Amino acid sequence: MPEPAATVVIPTLSADHRLLECLDALDKQTHRDFEVVIVDNSGAGRVRSSGAEQRGVKIIEPARNVGFGSAINLAFRQTQTPFLIALNDDAAPRPGWLASLLAAADAHPDAGMFASQVRFFGEEHLDSAGMVIARDGSSKQRGHLFPATEFDREEEVLFPSASAALYRRSMLDAIGLFDEDFFLYCEDTDLGLRARWAGWNCLYVPAAVVDHHYSHSAGRASRLKAYYVERNRLFVVAKNFPARTLWAVPLATLARYWWHFRSMALGRGTAAQFRREGNPPWGLPLIAIRAHLSFMRHSGLLWRKRREIRGSAKLSAEAFVQLLRAHSIRTRRVAEL
């Protein structure tokens, strides 16, 4: 039998009713030439217990939670389709989603990544329309909380959110897969920036609509999420930011910390949500310290990875700096979201 046109990969930890909703939505796709691979990160066989196996999907069961990027990589290595699509288990694609992504991929062979229009479930407001990045390496969803109607044009973006993203296999073969040292969060930022260094573009496809239950698995402002987002931001900077931008990273980081604490005092943003979820106000500084210590322990490995990225880069440092500036977000905005 010929290979399907695409593989949709769904990493899952909880394998609950949200996963079944996701599979129901995939059953309604107008484009039918695709396969579904579920990576069960529970280590407890939850996907099979949920009944998902009866849907005709392929199930990969690592013995433990290997993280998001590693789960996608497992599926990549066990499939051969020309397009790999990462999809969160709490996302429900609308019927024309896959057809729109594949049509865009056929029309734009220079692009290796394609971003969906990800909306909050049951709303007309955006979770993401691609991604943007701050001067300290913090990445955020483009268009987050804005009406979807304001982002209805197909256009280039920096890179996609891996909550619902199509990647060209030939690009992944060329630049490598998700960095498994990230474990959770920002692995799509790192992959997207590495692809940009290698000369690949990213296209936002507004017709590819997904409804998303935001941060269903890890929580919107959990300690786990706060730690990995902060640590992996530093990983992204060390691997991908041009040398001429590094002097600004500590200053931008301090500015973002200040805006976080101001937002917390005003009851806004993720820092305030962190407090509402029962965490102490000194919890965030402790998490930041842990993140920086982990970064220092990994510094030698990160330096080697940085050299590998530069060794195969097709973009100049100046062109990459311009790309970051064209798709930037202020640290104050990062803290307030």
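Is P93 buried or exposed? P93 is buried, with a relative accessible area of 4%; buried means under 20%, exposed over 50%, and partly exposed in between, using a 1.4 Å probe and protein chains only. This is a predicted model, in which local features need pLDDT of at least 70, side-chain atom pairs count only at pLDDT 80 or more, and totals for chains, interfaces and linings use all residues. Residues are numbered from 1 along each chain as its sequence is written, and side-chain values use heavy atoms, with hydrogens and water left out.

- P93 belongs to strand 5 (residues 91-93); helices (H or I, at least four residues) and strands (E, at least two) are DSSP runs numbered from the N terminus.
- The C-alpha atoms of P93 and S116 lie 9.4 Å apart, and the two residues are separated by 23 residues in sequence.
- L145 is not a glycine, yet has a positive phi of about 80 degrees.
- The loop between strand 9 (139-141) and strand 10 (155-156) holds L145, which is partly exposed at a relative accessible area of 46%.
- Y185 also has a positive phi, near 70 degrees, and sits in the loop between helix 5 (169-175) and helix 6 (187-197).

**Salt bridges**

- The structure holds 22 salt bridges, each a side-chain nitrogen of Lys or Arg within 4 Å of a carboxyl oxygen of Asp or Glu.
- K305 and D181 form one, with the closest N and O atoms 2.6 Å apart.
- This pair links distant parts of the chain, 124 residues apart: K305 is in helix 11 (residues 299-311) and D181 in the loop between helix 5 and helix 6.
- K305 counts as buried because its relative accessibility is 15%, whereas D181 is partly exposed at 33%.
- D190 and K239 meet in a salt bridge of 3.0 Å, N to O.
- D190 lies in helix 6 and K239 in helix 7 (residues 223-240), 49 residues apart, and both are buried.
- A network of salt bridges links D179, D181, D190, R194, K239 and K305.
- E230 pairs with R256 in a salt bridge, the closest N and O atoms being 2.9 Å apart.
- E230 is in helix 7 and R256 in helix 8, 26 residues apart.
- E230 is buried at a relative accessible area of 7%, and R256 is buried at 5%.

**Helix 10**

- L286 is in helix 10 (residues 283-297).
- L286 counts as partly exposed because its relative accessibility is 47%.
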